[in-house]
Amino acid sequence: MWKQRWFALLTWLIVSGLILSGVPASAQVPKRGGTLTVGLLGPIDRPDPHANPNQPALWLVQLLYSYLVQYDRNLNLRPDLATSWERTDSKSYVFHLRRGARFHNGREVTSADVKYSIERIMDPKTGSSRRLRYASVDKVEASDPYTIVFRLKYPDNVLPYVLADPASAVVAREVVEKEDNLLRSEAGSGPFKLESLTSDGGAVLVRNGDYYDKEKPYVDRVILRSIPDNSARMTAVRTKDVDIATFLVTHQIEVLRKDPTVVVSDGRSGQYYILALNTRRKPLDDVRVRQAIAWALDRNAIVKGALSGEGFPLDAGPIPAWHWAGIKTEIFKPDVAKAKQLLASSSAPNGFMLNIRVWAPQDYVVDAASLIQEQLQPLGIKVQIEQQADWPTYWNPVQNGNYDATIQGFGGNTHPVDWLDESFRTGGTLNITGYSNPKVDDLLQRARVTPTPERQAEIYAEVQQIIAQEVAMVFVYNMKQATAYRTDVKGFYHMPNLTLAGVVDTWLDR
Amino acid sequence: MNRYLARRILALIPLMLGVWTLVFFLLNILPGDTAIAILGVEASPELVQQVRTNLGLDLPLHTRYIQALFRTLHGDLGISLVTGRPIGPELLVRLPATLEIALAASFIFVLIGFPLGMIAATHRNTVTDFISRMLAVAGLSIPNFWLALILMLTFSLRLRLLPSEGYVPLTEDLLQNLRHLILPATALGVAMAAVVARMTRSSLLDVLGQDFVRTARAKGLPPGKVLSRHCLRNALLPVITVAGIEVGTLFGGTVIVEQIFAWPGIGRMVLDAIFKRDYPSVGATVLVIVASVVIINMMVDFAYALLDPRIRYD
């Protein structure tokens, strides 16, 4: 009998040992503390969310402030200051605020602050470039401290997405009014506080101990460094000078993928690069000329040559295929014969001179211009590339319609409205080619009031078909903009809207 | 001598104001303004106008000039149109960084360039001369940004000896400050060393061919004494002129190396300010650059007086 008992005990020990050894190690527990260093692509100009901060400043702003809602890593909306929201009728949105969120100066965040912040963005005197995105808002009501209601002039299903824009920060009124600007961060209620701005265009941030999320952030300090030179920024993450390097493109991504001490993120980002053809000039006013150019381009070759393969060709509409509103099947394939045919039947059958303006620091644009020059040659279109090193000198004529063609990118896009409205609407603020089609205007307006995402996607697909066929702009590529980080940086993720939201979940395994 | 000094320094003021005025008007002739530069592709005409009004750029040019002049004469360097922060403190931090790198680069080119030139001249037409001249040509031909990147890849990435970029103030941590200084200073110093080497060689050869040198040798003086007592002071005069010009260019001319090593110097500051049309910033940095160049030239002139007793200032 004892022998049996021993045997049973032994069996039990062995079996449980086997079972326990098969149990996967529990997910690593985040370690608290440490300093995270991030390399930015340039100096922070002004850390004021409502006053047109540049890209690096926007990265800083997004960590210092809170928003009603924010984007998650798949570009869906998630709660931030608002715990829930609903659409009570076609022209009203109600957001419910959490209790106990505090500004960095200690005061609780209430609906009056949200009302003040949105109205500040909507005020023309503030001069915010985001003002027009709130065009549908009629009134903002803060009747009770934790409820905010948006009353719209017309139905608009884009409003919640606009509220997630990094510039739509909720600010503390008394700080703004005292300083007349937002250069200090007591106005914020975000996961980090601003300790100081450094002389090289960077910043030092410290963890907000009173953040409404008691768990996060995990790191104690974040140092933002401005490293404008792309090679230097890429090298900095390899030499451990920075833990995270942002905005890495083309061959930098290629190089970093080969380094085992560095992780390269997925580089999906919402920008699109176009060859803009000024439709107010002959012969570019002729749609067949523009179509000929669109059919002559080999976008895959351009992605390979100008982006070292790190990008997606845009052979349909401006929204890339990986996005929910992107067209999944191609419209344009490189077809020189078809292009020649189109040109032959157009108002410029023997070709013409085309001047393409480019901004010299964008080497991925300058390279694309050279490739396009080659690809248009068989059509008899002689391309002259004009490089400008100075941004205002380059952009001014484009803005005023005094140009033939230019290659440029429009970025920061997350919702189809960002990609389409201002660029293709008649008189839109980004409509640099002068394109106008009342059908498109009508469809864009209809998409805003269409309730279901499936129907919205259909309408946006239709818009993209039209603007692609009519070649409002020649869509070229969607460039990857990746983030690279050291292998001991855990929990970080790349955001397709290129903010550093992933830093809030980041911890250092040191 | 003191009167001379006073006169030179007083002459600095109209010079600075003159250059400042010239730059002010030149910058305003360029297309575009701060509003367009800040707003980038989002620059709709309506928004540009609004930002322009907010920044005070819609005032007539002569009004803006007089306001700026008044402000500057009172010693107020103004507020940056781009960052909204006062320019004075910003300059105060960047100036030491620029001075440091100028000093360090000068140290390197004196240490390398001068002896290299001397050796080439005293061992003329030998292998040593040949090698020295080759090194000088290499130093002149190599673009400093290429050298900067090679140094960074070798010493930061491969050997992990030095940081790849950045700046730590002297007062904060001397060792880190020096570690960050070595690579950018070398990248800048090498090209300058080459210029100085060639200048030293040709100048010294010139002096060595003179009659008085033959006399000194004939007297029986050892070659070392001939060199140090009689030749060097004469040979140095043109070299110092060139060195002075080279050091002058370090104030504002180091943009590329500053960019690569993220070194917060004035060169990068003024270039960014020009691209962003940050008129007050450009004005303030131009004043600093002019003053620096003039002061360096003054130091060169005084060095002349030290070397050549025939030169007197009064």
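Begin by selecting the open sheet of six strands in chain A, whose order is β14-β18-β13-β17-β15-β16, with mixed pairing. The model is predicted: local features need pLDDT of at least 70, side-chain atom pairs count only at pLDDT 80 or more, and totals for chains, interfaces and linings use all residues. Residues are numbered from 1 along each chain as its sequence is written, while chains are lettered from A and ligands numbered from 1 in the order in which they are written. Strands (E, at least two residues) and helices (H or I, at least four residues) are DSSP runs, numbered from the N terminus. Two strands pair if DSSP finds at least two bridges between them.

At the edges of the sheet, select β14 (311-313) and β16 (382-388) of chain A, each of which pairs on one side only. On average, neighbouring strands of this sheet are turned by 25° against each other, direction ignored; the axes are lines fitted to C-alpha atoms, and angles run from 0 to 180 degrees between N-to-C directions.

Next, select strands β13 (residues 272-277) and β18 (residues 474-479) of chain A, which pair in the antiparallel sense over three bridges. Here A:Leu275 stands opposite A:Val474 in β18(A). Now display the contacts of A:Leu275 (two residues are in contact if their C-beta atoms, placed from the backbone, lie within 7 Å). Not counting residues up to four places away in sequence, A:Leu275 touches A:Ile372, A:Ala405, A:Ile407, A:Met473, A:Val474 and A:Val476.

A residue is buried if 20 or more other C-beta atoms, placed from the backbone, lie within 10 Å of its own, exposed if 12 or fewer, and partly exposed in between.

Return to chain A and select strand β11 (residues 244-248). Five of its five residues are buried, so β11(A) is largely enclosed by the rest of the structure. Strand β1 (residues 35-40) of chain A runs parallel to β11(A), joined by two bridges, and A:Val38 stands opposite A:Ile244. β11(A) also pairs with strand β19 (residues 482-486) of chain A, in the antiparallel sense and over three bridges; there the bridge partner of A:Ile244 is A:Tyr485.

Two helices of chain A come next. In helix α2 (residues 55-64) of chain A, nine of the ten residues are buried, among them A:Trp59 and A:Gln62. The buried residues of α2(A) pack against β1, β8 (192-197), β9 (203-207) and β10 (221-226) of chain A. In helix α13 (residues 416-424) of chain A, eight of the nine residues are buried, including A:Asp418, A:Trp419 and A:Phe424. The buried residues of α13(A) pack against β13, β17 (405-410), α14 (438-449) and α15 (453-469) of chain A.

Finally, display both chains: 41 residues of chain B are in contact with 33 residues of chain A. On the side of chain B that touches chain A, the largest share, five residues, comes from α7(B).
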